[in-house]
Structures are given as structure tokens and as C-alpha cells.
Amino acid sequence: MFNLILFGPPGSGKGTQSEKLISTYGFKHLSTGDLLRSEIKNQTKLGLEAKSFMDNGQLVPDAVVIGMVDAAIGANKGVNGFLFDGFPRTKAQAIALDELLGTHDTSINLVLALDVPEDELVVRMIKRAKTSGRSDDADENVQKNRIAVYKNETLAVAEHYATFDKVITLNGLGDIDVIFASLCAEIDARA
Ligand code: AMP
């Protein structure tokens, strides 16, 4: 099993690159943002709880997200590997993920971090807002919150995995296919 975390700030291209990676490598895509949006769409209790956090650009509480990932991992036994996208977003989530994978006798093999300058992130989120219908992309204050949360809470995830020498940082600016090729080269060197 090969488990990958695609890491980066909001707007760094994780969703776009994830789609390409899952179709090439057959990973099971596990995007906590997508799972949460589906809970909201289905008007579940969890979705209703999560919505106000998401609309404000804040993180949904760790226990909620970890429970969701636990269930998703349990429901996908026998896959070749997971691609975690938008998770973990706090050090507590990273530690919980390591423990969860440990109970399935597996672990994170690689963290690929997309590096994109902050002004470009804002440009991309504004562009995405026009087509995604995502309310958290459209508002400038929410975008600022999401970037601040990334710096204050999520960067610690990369630090956590860097202590195990698992992080590779790649340029996330430029042509989508060139970025994709650089991600593939890192996976191919290890898988
Ligand atoms: P994303 O689609 O990954 O950009 O996530 C959209 C929103 O969902 C985030 O701004 C958070 O409010 C929430 N969210 C997604 N993943 C997580 C996570 N791992 N931990 C906490 N909140 C999350």
C-alpha cells in the first residue's frame, strides 16, 4: 500500500492534481472538504454542524473530521493506497491519522507539498468562486481566514512529517501538466 498526502494551502491546486493522480495511480481519493460538502448537501447532522465553520473559513473540529476519515478508511479496506487531500490540517489530525493507519498495518509514505505564493492563492480562489459555487471561495475575508488558518494550524502538519523525512516540496506555479509530471516523478521514485 502506498499512502500519499497532497499538502498545500487553499488554492494551491490539490483538488486538480488529486484528480489526475487518482486516475493515473488508482489511489482511493480521500478529500475531507469533499466529504464535508457531501454531508452538507445531504443535510445530515454532521453537515449542519460543519457548515458554519466552513462558511467562515475555520476548521471543522478535529474529532468530527477524524471520525469521518476513520469511517472512510474502514470502508475502503483492500485499496492500493489512499490519497489524502485537505487532511490532515492540524498536528492532532496528523497524529490521529498515523495511529489510524497503524491499526491497519500501514502508514504515510510520502507528503508532497505544493508551494504557491500567497497573492496567487487569492487570485485562484476568486477565479474558482466563479465556477465552483463554493461560498467559502467568494468572500475575501473568508479567503484571508483560510490562509491564516493554514499558516497557524496546518503548516504544523508538514513539520510533523518532516521530522520523519517524508516531505517533498514542489513548485505549484505554472502549467498543470508540468506540476503533475513533477508529482509523478516523486511518487515513481518511491512506489
Ligand atoms: P477544502 O475543500 O479542503 O478546501 O475544505 C473546505 C473547508 O472544509 C475548510 O475551509 C474547512 O472549513 C473544512 N475542512 C476540510 N478539511 C478539513 C480538515 N481536515 N479539518 C478541518 N476542517 C476541514
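So, Val60: one of its backbone N or O atoms lies 3.0 Å from a nitrogen atom of the ligand. Keep in mind that this is a predicted model, so every distance I quote is computed from predicted coordinates.

Over at Gly86, a polar backbone atom is 3.0 Å from a ligand nitrogen. Thr32 uses its side chain instead: an N or O atom there is 2.8 Å from a nitrogen of the ligand. And how much of the ligand does the protein bury? On its own the ligand would expose 480 Å², and the protein buries 96% of that.

Okay, who else is around it? The shell counts 16 residues, and the ones that come nearest are Thr32, Arg37, Gln58, Arg89 and Arg146. If you sort the shell by class, you get six nonpolar residues, five polar and five charged. Which element supplies the largest share of that shell? That's helix α2, residues 32–41, with four residues.

As for the elements giving two or more residues to the lining, we have the strands β1 (4–7) and β2 (28–31), plus the helices α1 (14–25), α2, α6 (118–132), α8 (140–162) and α9 (176–188). The most, though, comes from α6, which gives seven residues to the lining. By class, that lining has 17 nonpolar, 20 polar and 13 charged residues.

Before I stop, two bits of backbone to look at on the screen. Some background first: most peptide bonds are trans, and most residues other than glycine have a negative phi.

Pro88 is in the loop that runs between β3 (82–85) and α5 (91–103).

You'll find Gln43 in the loop between α2 and α3 (45–55).

Conventions. Residues numbered from 1 in each chain as written. Predicted model: local features only at pLDDT ≥ 70, side-chain atom pairs only at ≥ 80, totals over all residues. Heavy atoms only, no water. Near = heavy atom within 4 Å. Polar contact = N/O pair within 3.5 Å; in protein donor to acceptor, adjacent residues only side chain to side chain. Areas by Shrake-Rupley, 256 points an atom, 1.4 Å probe, with all protein chains shown as cover. Nonpolar A, V, L, I, M, F, W, Y, C, P; charged D, E, K, R; others polar.
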